[in-house]
Amino acid sequence: MNEKIEAGFFTVFNRQENILENYDHYEERKLSDMHRYFAAEDIRQQMALANNEVIYRVYKKTAPLIAGELEQAVTVINPGQVNGEFFMTKGHYHINEKCSEVFFTLKGEGLLLLQKGQETKWLEMKPDVITYIPAGWGHRTINTSLSEPFVFIAFWPANAGHNYQKSLDEPFGRRVFFYNGSYIVSKVL
Ligand SMILES: [Fe+2]
């Protein structure tokens, strides 16, 4: 699939079911898929053995992986915690460091964590907030609600490429925990 898209098309966010209708690629990450991502690795393992909840789902509309095309995906992060650390995505860097990305928040509330070298930044996300991820920054999203799914749609250049390993090799400098009825962004020591 290396030919550019020639015809306009549309997708639909199904607000009742929290899915991107017309998606052509689906991924889900359960507790068992998140080895080494949470601070309490031992608790994550126990939880994976006990009920292995789905942490997040991704409904993607793919495009040819060439410059000029855009891909899009709805991500749904379920509410939950591993030893007080909120459910989150693995996070990734773009292989092509010139590629940025935009998130449009659809439902719920969460944080966008950004990492570049030793520098960590974060932005709050809630419905109608559109966040911009500058090229070269690693990005992870976190559901900070105790009860509601956190849902957003992302748009990114189809030639960005995804590097998940880097978010393990050079971990995000902050973690987000439940604290005092809300959340705290805690420095990783
Ligand atoms: Fe990305």
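Two strands are taken to pair if DSSP finds at least two bridges between them, and the strands themselves (E, at least two residues), like the helices (H or I, at least four residues), are DSSP runs numbered from the N terminus. On that basis Leu112 stands opposite Leu123 in strand 11, within a pairing in which strand 10 (residues 110–116) and strand 11 are joined in the antiparallel sense over 7 bridges. The structure is a predicted model, in which local features need pLDDT of at least 70 and side-chain atom pairs count only at pLDDT 80 or more, whereas totals for chains, interfaces and linings use all residues. Residues are numbered from 1 along each chain as its sequence is written.

The protein chain contains 2 helices and 17 strands. Its radius of gyration, taken over C-alpha atoms, is 16 Å, close to the 16 Å that the globule rule gives for 189 residues, so the chain is as compact as a globular protein of that length; the rule itself is 2.2 Å times the number of residues to the power 0.38. Taken along the principal axes, the C-alpha atoms fill a box of roughly 50 × 40 × 30 Å. Of the 189 residues, 30% count as buried, where a buried residue has 20 or more other C-beta atoms within 10 Å of its own, an exposed residue has 12 or fewer, and a partly exposed residue falls in between, with C-beta atoms placed from the backbone. Two residues are in contact if their C-beta atoms, placed in that way, lie within 7 Å. Among contacts between residues at least 6 apart in sequence, 70% join residues at least 24 apart.

For residues 29–165, UniProt lists "domain: Glucose-6-phosphate isomerase prokaryote" in an unreviewed entry; UniProt positions are given in the numbering used here, feature names are shortened, and annotations may be inferred rather than shown by experiment. Over these residues, 29–165, the chain is 7% helix and 47% strand, and the end C-alpha atoms are 15 Å apart.

An open sheet is formed by 6 strands in the order 3-4-5-14-9-12, with antiparallel pairing. Strand 3 and strand 12 (130–133) are the edge strands, each of which pairs on one side only. Neighbouring strands of this sheet are turned by 20° against each other on average, direction ignored, the axes being lines fitted to C-alpha atoms (for helices over the stretch in contact) and angles running from 0 to 180 degrees between N-to-C directions.

Strand 4 is in turn joined to strand 5 (residues 70–77) by 6 bridges, the two running antiparallel. Val58 has Thr75 opposite it in strand 5, while Lys61 has Gln72 as its bridge partner in strand 5. Strand 5 and strand 14 (residues 150–157), also antiparallel, are joined by 8 bridges. In strand 14, Phe152 is the bridge partner of Thr75, and Pro157 stands opposite Leu70.

Two valines illustrate the surroundings of individual residues. Val12 is found in strand 1 (residues 12–14) and counts as exposed because it has 9 C-beta neighbours inside 10 Å. Neighbours within four places in sequence aside, Val12 is in contact with Glu21 and Asn22, whereas its C-alpha atom is separated by 36 Å from that of Asp169, 157 residues apart along the chain. Val185, which lies in strand 17 (residues 182–187), has 16 C-beta neighbours inside 10 Å and therefore counts as partly exposed. Not counting residues up to four places away in sequence, Val185 touches Trp122, Arg174 and Val176. Val185 and Gln81, 104 residues apart in sequence, are 14 Å apart in space, C-alpha to C-alpha.
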